[in-house]
There are 2 protein chains.
Amino acid sequence: MLTLSHPAKTNRGPALKHDSPDCRAVSDVLARLGDKWTVLVVEILGRGPARFNELRREVGSISQKMLTTTLRQLERDGMVTRTVYPTIPPRVDYELTELGRELLVPVRALGEWARANMATIEEARQRYDAQAA
Amino acid sequence: MLTLSHPAKTNRGPALKHDSPDCRAVSDVLARLGDKWTVLVVEILGRGPARFNELRREVGSISQKMLTTTLRQLERDGMVTRTVYPTIPPRVDYELTELGRELLVPVRALGEWARANMATIEEARQRYDAQAA
DNA sequence: CGGGATCCTTGAAGATACTG
DNA sequence: CAGTATCTTCAAGGATCCCG
């Protein structure tokens, strides 16, 4: 059950030095957070439960496919609950779980860092680009 | 200079509700951290300066193209310095800047969260997958 | 309203070969 | 040693149509 016999990913060559379960868990989470919509959706849900098209409007430019995909992944990871009210027309509520709310803590810390340093980063880029020309 | 007149990205429709400079800065940083190698390289450089092939070996399975790309982006963003010693054979040292080292703080916090919650997430996934079958 | 199914475009990433 | 240059593959994301 905890044998961790993941399917090997057609890995030729020696095993990765950073292929430990811990490292893959971290990069797994980061990959999800790094996608285009997850953090934004989680942030919005952090303000309270919301319905599908409500989220769609608040995000602004997301396709319904990507919103569905994002929400399904979050639900699968236990970050979000999906509640269906079998009315006509149908109504579906999405809400952060406790796990989802806890995720917001380190994510917001990273967000704070990004906000605090965005000017510095932008200056570094302009220096780099200028001298590369 | 700070007019923020970004090139509009061929945006039809109403402006994004989350297109503020702050939000884009955050998602910019997250997108970079979410790529396959950046965090790993920064973590390794957090242990001290390293040469190109040294990094290559420590990462384990990265292609030299992706290592180059990752390092160039980090250098451009001011997270890493690149020092060339014009000897034969050439030698290039990479080292985290102060900004890069500061980045490690929130990144490690997120890593801690991922490690602490990886089991919970895995359980949630198995529940979801089992009941979806 | 809340999706599912399908097709298509694009960029990230990998493989390989070559070079100062 | 530390790259650059190409070619190729693959999955994320977007557009569109359809449905209960």
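**Entry 1: sheet of chain B**

I began with the sheet in chain B. Its 3 strands form an open sheet in the order E1-E3-E2, with antiparallel pairing. I then looked for the edges. They are strand E1 (50-51) and strand E2 (80-85) of chain B, and each pairs on one side only. I note here that the model is predicted.

Next I counted bridges. E2(B) and E3(B) run antiparallel and are joined by 6 bridges. I picked out one pair: B:Val84 has B:Val92 in E3(B) as its bridge partner.

**Entry 2: strands of chain A**

I turned to chain A. Strand E1 (residues 50-51) of chain A pairs with E3(A) in the antiparallel sense, over 2 bridges. One residue pair I looked up is A:Ala50, whose bridge partner in E3(A) is A:Tyr94.

Strand E2 (residues 80-85) of chain A is also joined to E3(A); 6 bridges link them and they run antiparallel. There, A:Val84 has A:Val92 as its bridge partner in E3(A). E2(A) and E3(A) form a hairpin, with 5 residues between them.

**Entry 3: DNA strand C**

Which residues come closest to DNA strand C? I then asked what part of the DNA they meet. Of the atoms of DNA strand C that come within 4 Å of the protein, sugar and phosphate account for 65%.

- Base: a polar side-chain atom of A:Gln64 lies 3.2 Å from a base oxygen of DNA strand C.
- Sugar or linking oxygen: one such oxygen of DNA strand C is 3.5 Å from a polar backbone atom of A:Pro90.
- Phosphate: an N or O atom in the side chain of B:Trp37 is 3.0 Å from a phosphate oxygen of DNA strand C.

At least two residues each come from helix H3 (52-59), H4 and strand E3 (91-96) of chain A, and from H4 of chain B. H4(A) gives the largest share, 4 residues. By class I read 8 nonpolar, 4 polar and 7 charged residues near DNA strand C.

**Entry 4: DNA strand D**

I repeated the search for DNA strand D. It has 20 residues around it, and A:Lys36, A:Lys65, B:Arg51, B:Arg82 and B:Tyr94 come nearest. Sugar and phosphate make up 64% of the atoms of DNA strand D within 4 Å of the protein.

For B:Arg82, an N or O atom of the side chain is 2.3 Å from a phosphate oxygen of DNA strand D. For B:Arg51, the side-chain distance is 2.9 Å. For B:Val92, a polar backbone atom is 3.4 Å from a phosphate oxygen. Helix H4 (64-76) of chain A gives two or more residues to this surface, as do helix H3 (52-59), helix H4 (64-76) and strand E3 (91-96) of chain B. The largest share, 4 residues, comes from H4(B). The classes are 8 nonpolar, 4 polar and 8 charged residues.

**Entry 5: cysteines**

How many disulfides are there over all chains? My search of the whole structure gave 0. A:Cys23 counts as partly exposed because its relative accessibility is 29%. B:Cys23 is likewise partly exposed, at 29% relative accessibility.

Note on methods: Residues are numbered from 1 along each chain as its sequence is written. Chains are lettered from A and ligands numbered from 1 in the order in which they are written. This is a predicted model: local features need pLDDT of at least 70, side-chain atom pairs count only at pLDDT 80 or more; totals for chains, interfaces and linings use all residues. Side-chain values use heavy atoms; hydrogens and water are left out. A residue is near a molecule or strand if one of its heavy atoms lies within 4 Å of it. A polar contact is a pair of N or O atoms within 3.5 Å; within protein, one must be able to donate a hydrogen and the other to accept it, and residues adjacent in sequence count only if both atoms are side-chain atoms. Ala, Val, Leu, Ile, Met, Phe, Trp, Tyr, Cys and Pro count as nonpolar, Asp, Glu, Lys and Arg as charged, and the others, Gly among them, as polar. A disulfide is a pair of cysteine sulfur atoms within 2.5 Å. Buried means under 20% relative accessible area, exposed over 50%, partly exposed in between (1.4 Å probe, protein chains only). Two strands pair if DSSP finds at least two bridges between them.
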